[in-house]
Amino acid sequence: PNQKRSMDPKQLINCIQGNQKQIEIINDIPYALQTAKKYAGHNDLICITGSIFTVSEAKQFLTNDTIV
């Protein structure tokens, strides 16, 4: 989220890099959701996790997004 206390994604990627084939850092939550929806299949689930700030930004975007 756009908070000064947010963890640097480059630090976070070191925690999960060994478990993923491909990791892409997207600093903008709405763009990240659009990208996830682009890659997701019809029956796939997109899970939004993180702080209440992250979820709030995602909810605000999804509330205004007509293609959910």
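Tutor: Start with the elements: helices (H or I, at least four residues) and strands (E, at least two) are DSSP runs, numbered from the N terminus. Ala58, for instance, lies in helix 3. This is a predicted model, where local features need pLDDT of at least 70, side-chain atom pairs count only at pLDDT 80 or more, and totals for chains, interfaces and linings use all residues. Residues are numbered from 1 along each chain as its sequence is written, and side-chain values use heavy atoms, with hydrogens and water left out.

Student: How many helices and strands does the protein chain have?

Tutor: There are 3 helices and 0 strands. From the N terminus, the order is α-α-α.

Student: How do I read the packing of two helices?

Tutor: Two packed helices are described by the angle between their axes and the distance between the axes. Axes are lines fitted to C-alpha atoms, for helices over the stretch in contact, and angles run from 0 to 180 degrees between N-to-C directions. Here helix 2 (residues 29-39) packs with helix 3 (residues 52-64) at about 65 degrees, and their axes are 9 Å apart.

Student: What does that angle make helix 2 and helix 3 to each other?

Tutor: Angles under 35 degrees count as roughly parallel, over 145 as roughly antiparallel, 65 to 115 as roughly perpendicular and the rest as oblique. Helix 2 and helix 3 are therefore roughly perpendicular.

Student: Is Ala58 buried or exposed?

Tutor: Buried means under 20% relative accessible area, exposed over 50%, and partly exposed in between (1.4 Å probe, protein chains only). Ala58 has a relative accessible area of 2%, so Ala58 is buried. Buried residues make up 12% of the 68 residues in the protein chain.

Student: Which residue is 30 residues from Ala58 in sequence and 10.0 Å away in space?

Tutor: That is Asp28, with the distance taken C-alpha to C-alpha.

Student: What about Pro9 and Ile16?

Tutor: Both places are in helix 1: Pro9 and Ile16. Pro9 is partly exposed, at 31% relative accessible area. Ile16 is partly exposed too, at 37%.
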